[in-house]
Amino acid sequence: MRRPLDLRHVVSPGLRDLIELANTNDFNRVTEQVRNLRGCTSPVNLHGWTITTDSATKEVVRSYRSEDEPSGRLLTTCGNRRASRCPACSRVYAADTYHLIKAGLSGGKNVAETVRDHPRAFVTLTAPSFGPVHNRKTDSTGKTRPCGCGSHHTEDDPALGTPLDPATYDYTGAVLWNAHAGQLWGRFTTYLRRALAEHLGMTQKALNAALRVSFAKVAEYQKRGLVHFHAVIRFDGPDGHVTSPPPWATFDALQVAVGLAVERARLTVESDAIGERVIKWGDRFKVDKISALGDGELTDAKVAGYVAKYATKNAEGAGTVDRTLMCRPCQGRGYVRGPDGFRDLCDDCEGTGQAEPIKALPVQRHVRQMIRTAWDLGNLPEFAELKLWKWAHMLGFRGHFSSKSRAYSTTLGALRDVRRAWRLAQADAARARAGLPTTDETTLVTASSWTYLSSGYRPGEELLAAQIRHDMAHADRSKSEGEPWL
């Protein structure tokens, strides 16, 4: 009989747990389950079961219970798109986004390959100025010009993007612009179609009958803490990517329409506390032609890689934190309702409504002031629908980081379905080798029940996951250059 190990001398909880796992008969299964997560940093822990039966014979083809696992639970990937939270899952998301954008430019994934001949543009829309900031401008020769402060900033200077005069900087306008940026984008797409019809001298009804405008966009934070958008805009025929646009739908017409839409798309925000504010695009915008044959500066692969890279970013590029500051028990109000129905001070945040005090955040002064401004504006009833308490850590921005029109290309869900079908095919191949029925031989019905337990690893599992992440990073460094979404 094996004597139990004496682990009292082992100081590390992770190492102690790993030794206990290694001392079991199911250590190989523990390692396999962690390896299947491909380096996920915060897996979802589930408890439940699934049973697949033959609909004709009612025979159980396969079954699974999480309680049969060594740890009594099933680990699945978190699926978080943010690189700051889970590099492994965000890499999968970036790869999917790359293929989604690339399919809308070159075809494939059920998109007609003729789309590469449609007029396509890579459009960049920026925010207006809310006050002069430290910058690093260059002239036509690439030589840096002095900033407004008189200095020549380096590329990694933390002062870049911060106001020259914080006392006069319009922090309220900056936060409100971020909060309405998604809505402004929606208005831009409406005005784009109107401007295009006006430029071509036709009615909108006639334009919609002959042309469809498809797009995909991604948001990126500038160093000054304001989002700007990069978008792929494509002209299609009336039935989408399967039909060619009319001859008069040219890149030049698209370029003119973008300029008119940027100028005309506006929102008006009114408040007794701050007066009237007009939300509009900045004067600087770009409309670049995407090369169909790869002979231009912007190729299909480069554009898809650029968009995919920013699809996994959050506001951390602007120097803010990647977690909400809203106290969850009181939902940022600072109080909770007691059993008697009266308001009681929230014990978790001591009445501030903040999960972490804003003044204690490890951020620079400019970012802290934007967070504080978002929090203060969230206290105004006229801005309640903006949920600025919840999105203060995002400097007010609450829109989708990436989105697309329905007819642009495939969907992320369709790409996930393809991956799932591939895994099922692999499982069927293994069952066929074992002489068991497969999904090709019979109609299967699956029933399941799952319950969320928690997120994360056991201490010993975390050590295994860290080794897997190290091995994956080493393999990536050893690869030859080639994956364009990196």
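R85 counts as partly exposed, at 35% relative accessibility. The model in which this residue is described is a predicted one. The side chain of R85 meets that of D322 in a salt bridge, with an N to O distance of 3.2 Å. R85 lies in the loop between β3 (74–76) and α3 (87–106), while D322 lies in the loop between α7 and β10, so this pair ties together parts that are 237 residues apart in sequence. D322, for its part, is buried, because its relative accessible area of 15% falls under the 20% limit for that class.

In total, the structure holds 17 salt bridges. Side chains of opposite charge can pair when their charged atoms come close.

| Salt bridge | N to O distance |
|---|---|
| R85 and D322 | 3.2 Å |
| E198 and R264 | 2.7 Å |
| E462 and R469 | 2.6 Å |

E198 and R264 form a salt bridge in which the closest N and O atoms are 2.7 Å apart. E198 lies in helix α4 and R264 in helix α6 (residues 251–264), so the pair ties together parts that are 66 residues apart in sequence. E198 counts as partly exposed at 49% relative accessibility, and R264 is also partly exposed, at 33%.

In the pair formed by E462 and R469, the closest N and O atoms are 2.6 Å apart. E462 is partly exposed at 30% relative accessibility, and R469 is partly exposed at 25%.

The loop between α7 (300–311) and β10 (335–337) also contains T312. T312 is buried, because its relative accessible area is 7%, under the 20% limit. Leaving aside residues up to four places away in sequence, T312 touches R81, R82, A83, S90, Y93 and A94.

A search of the whole structure finds one cavity of 30 Å³ or more. The volume of the largest cavity is about 30 Å³. Its lining is made up of T189, L192, R193, V213, F215 and I233. The elements that give two or more residues to this lining are α4 (171–200) and β5 (212–221). Helix α4 gives the most, with three residues. By class, the lining of the largest cavity has four nonpolar residues, one polar and one charged.

Terms used. Residues numbered from 1 in each chain as written. Predicted model: local features only at pLDDT ≥ 70, side-chain atom pairs only at ≥ 80, totals over all residues. Heavy atoms only, no water. 1 Å grid on protein atoms, 1.4 Å probe; cavity = no way out; pocket = protein on both sides within 12 Å on 5 of 7 lines; lining within 4 Å. Points joined across faces, edges and corners; volume = space filled by probe spheres on them. Helix = DSSP H or I, 4+ residues; strand = E, 2+ residues; numbered from the N terminus. Nonpolar A, V, L, I, M, F, W, Y, C, P; charged D, E, K, R; others polar. Buried < 20%, exposed > 50% of the residue type's maximum accessible area, 1.4 Å probe, protein only. Contact = heavy atoms within 4.5 Å. Salt bridge = Lys/Arg side-chain N within 4 Å of Asp/Glu carboxyl O.
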